[in-house]
Amino acid sequence: MLTTREKFGYGLGDTASNFVFQLIVNFLGIYYTDVYGLSPAVVGTLFAVVRLMDAVTDPLMGAICDRVSTRWGRFRPWMLWLSVPFGAATVLAFSVPEDGNVLYAYLTYALLMLLYTAVNIPYCALGGVVSSDPQERVTVQSWRFSLAMVGNIVVSAGTMPMVEYFGDGDQRLGFQSAAIVYAVGAVVLFTACFFWTRERVTAAAVRKSDSVVGDLKALWQNDQWRLLALMNLVLLIGVVMRGTLAPYFVKYVLGEDSIVLTALLTLGSVSAVIGSMVAGQLSQANQARALWLIAATQVGFLLFFLAVQMIDLTMAAVATGAVVIATAISILLGKRFAKVKSFGAIFLLMALAHFCLYLFGSQGVYVAMFFFVAIMF
């Protein structure tokens, strides 16, 4: 039986990952163009080239983990060994030299993503070896997802206020200072994850004659893996595009400032938390009780952000309306269809909400916020 501290410790690893992942997805693009001064075409090419590198480094890192064994296990040590270099790379990516150039952007972003892979791949695999009990493994994944959303909300709500506070008009200094805060936080949380978890399941040793190519061939022969891989590819394309374009949309389409951007991203992150709670609870017997808990969570978040004046009453009402409608639709789909068909229907609704955001989002902040919150839900 895993202790609460170990489940919490494992989840902290994804909080650490999301400190940097959400910073990259939501803010690195606009940092490169509006602070660094690169053209959008150069930034798009940069992101594409480095992400293609991930297609090689991700399975390679998995293969390395399978073939390395230490007294701490195969997966935990990487968080201890590489968290500090990972944090340093985060700061470097957001530290524009006065004579900044494209080469600097390529080198620092590539280094950051390489180290992200080297820390995050072992971290994800760790969840499968902390216990031999399938139910315990499900539980630690739920802790992981919940604490990942905490990291998401922190970055959404805290980045632009930190940029303005630390930078005091100098966005270069502001983004660099915010990156330092998140980097230090990530190092501390990855270290806590290392010390508070254990690897209890020992997989069969990989033969030295086995190759990475052989690993990939074995994966490709699994049709369920192919479907899930394709699904994740499509989902991540949407996540990265939506997150990267959100700051540009608020600034150049809506003509609003960083306060509105912070509100949009924060309410979207809260909506994602509520959506995950709905998805996990609707099939339970105590559905009414679960929905009351979900509603209380939503109200709690909104009251907090209202109290700190991050959102106004109209924003809170719009976000609540979007979540209520989305929850009602989810309940109807859950009662009418099995999980796979419900998933397909939700996918289509999410696509429709994106299309509505494209068509009507420019009409004003509240219209855009309604569809954005629904999409994140």
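How many residues apart are F301 and F305 in helix α10? I looked it up, keeping in mind that this is a predicted model. They are four residues apart in helix α10, which covers residues 287-307, so about one helical turn separates them.

**Entry: the helix pair**
I began with the total, and the structure holds 26 aromatic pairs. F301 and F305 form one of them, and this pair is stacked, with 6.5 Å centre to centre and 10° between the planes. Next I asked myself: is F305 buried or exposed? F305 counts as buried, because its relative accessibility is 4% and the cut-off for buried is under 20%.

**Entry: a pair of chain neighbours**
Then I checked F370 and F371, and this aromatic pair is edge-to-face. I noted 5.3 Å centre to centre and 85° between the planes. F370 comes out as partly exposed because its relative accessibility is 26%. F371 has a relative accessible area of 16%, so I wrote it down as buried.

**Entry: a cluster**
Which residues do ring pairs link into a cluster? I listed Y31, Y32, Y36, F47, F94, Y109 and F175.

**Entry: charges over rings**
Last, I looked for charged side chains sitting over rings. I found R76 over the face of F194, 4.4 Å from the ring centre. I also found R226, whose charged end sits over the ring of W220, 5.5 Å from its centre.

Notes:
Residues are numbered from 1 along each chain as its sequence is written. This is a predicted model: local features need pLDDT of at least 70, side-chain atom pairs count only at pLDDT 80 or more; totals for chains, interfaces and linings use all residues. Side-chain values use heavy atoms; hydrogens and water are left out. Rings of Phe, Tyr and Trp (its six-membered ring) pair if their centres lie within 6.5 Å; planes under 30 degrees apart count as stacked, over 60 as edge-to-face and the rest as tilted. Helices (H or I, at least four residues) and strands (E, at least two) are DSSP runs, numbered from the N terminus. Buried means under 20% relative accessible area, exposed over 50%, partly exposed in between (1.4 Å probe, protein chains only). A charge sits over a ring if NZ of Lys or CZ of Arg is within 6 Å of the ring centre and within 35 degrees of the ring normal.
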